[in-house]
Amino acid sequence: MEKRLLLEVRNLSVYYGPLRALNDISFHVGEGELVCMIGPNGAGKSTALKAVAGLVRPRSGEILYRGDNIKGLHPETLVRLGMAIVPEGRRVFHTMTVLENLEMGAYSRRDGHSKREIEEVLELFPSLKDRRRQKAGTLSTGEQQMLAFGRALMSKPKLLLADEPSVGLSPYYINIVSEKLKEINKRGTGILLVEQNARMALEVSHRGYIFKIGEIMMEGSGKGLLENAEIRRVFLGGR
Ligand SMILES: Nc1ncnc2c1ncn2[C@@H]1O[C@H](COP(=O)(O)OP(=O)(O)OP(=O)(O)O)[C@@H](O)[C@H]1O
Ligand SMILES: [Mg+2]
């Protein structure tokens, strides 16, 4: 049987008023694949992620999720279909506890079902376990990022979208983020990762897309892109 794509985006264009943020780009994520998007500021990476999550409306193009057209569906509907986002800047609820934040991620599930998901999330992020009754605002930035991942995983997504999860984190937590991405992916969740940290992203990803303003200029395996001379020069500090 032909392997079905988890996500297929064809000829996507997005405008903000008169500004064209994305010009006819195509990309895909296979079942169980970890795919990254890297590129300069303002290139449209977050816009691509938001279009998939139903947070911005495309001008044109097709967005297929497990073969079905999902363009125009409400973000909450997409969560129910198995999509979850770890938003830029984490956006955990500071005055709520860790547990309450996790429960927010389960809003589309029936009462009582969330206990089991909470157990699974706390098993994946043991540092949150001891802090589960603590207000999220008292967590370190790295721990808040773990919580943002945990909250997204509460809906048991098949596709996880993550926007710059490493930004602002110490090297210690960047390393944990990269380990957790791999672990989440190994458990069967496809991941579309937008990153500033090109090296980390390409190291964990099966495949990557390189953006330039509004377009995708290159695509390749994570390893292939890490070894590419131009990518090394522009994104990896020439090393
Ligand atoms: N809500 C908005 N209204 C108007 N313009 C926007 C909006 N969001 C993004 N843009 C513009 O669209 C373009 C693409 O932005 P986007 O945030 O997708 O880029 P990015 O690749 O994620 O950049 P960064 O690396 O800085 O996060 C930029 O020119 C940006 O200024
Ligand atoms: Mg962005």
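In the hairpin formed by strand 1 and strand 2, 2 residues lie between the strands, and Gly-17 adopts a positive phi near 60°. Helices (H or I, at least four residues) and strands (E, at least two) are DSSP runs numbered from the N terminus. This is a predicted model, in which local features need pLDDT of at least 70 and side-chain atom pairs count only at pLDDT 80 or more, while totals for chains, interfaces and linings use all residues. Residues are numbered from 1 along each chain as its sequence is written, and chains are lettered from A and ligands numbered from 1 in the order in which they are written.

Strand 1 (residues 5–16) runs antiparallel to strand 2 and is joined to it by 8 bridges; strands pair when DSSP finds at least two bridges between them. Leu-5 faces Gly-30 of strand 2 across this pairing. Strand 1 also holds Asn-11, a residue other than glycine with a positive phi, near 55°. Asn-11 counts as exposed because it has 12 C-beta neighbours inside 10 Å. Here a residue is buried if 20 or more other C-beta atoms, placed from the backbone, lie within 10 Å of its own, exposed if 12 or fewer, and partly exposed in between.

Turning to the ligand, the shell around ligand 1 consists of Tyr-16, Leu-19, Ala-21, Gly-39, Asn-41, Gly-42, Ala-43, Gly-44, Lys-45, Ser-46 and Thr-47, a residue being near a molecule if its C-beta atom, placed from the backbone, lies within 6 Å of it. Strand 2 (19–30) and helix 1 (45–52) each supply at least two residues of this shell, and helix 1 gives the most, with 3 residues. By type, the shell divides into 4 nonpolar, 6 polar and 1 charged; Ala, Val, Leu, Ile, Met, Phe, Trp, Tyr, Cys and Pro count as nonpolar, Asp, Glu, Lys and Arg as charged, and the others, Gly among them, as polar. Helix 1 is largely enclosed by the rest of the structure, because 7 of its 8 residues are buried, including Lys-45 and Thr-47. Gly-54, with a positive phi near 80°, follows helix 1.

Helix 6 (residues 141–153) has 13 residues and spans 18 Å from first C-alpha to last, close to the 18 Å expected at 1.5 Å a residue, where the expected span is 1.5 Å times one less than the number of residues. The elements covering them include strand 6 (83–86), helix 3 (98–105) and helix 7 (171–186), with contact taken as C-beta atoms, placed from the backbone, within 7 Å.

The largest nonpolar core has 69 residues, and Val-52, Leu-160 and Leu-193 are among those with the most contacts inside it. Helix 6 contributes the largest share of this core, 6 residues. Such a core is a set of buried Ala, Val, Leu, Ile, Met, Phe, Trp, Tyr and Cys residues joined through C-beta atoms within 7 Å.

Key: Contact = placed C-beta atoms within 7 Å.
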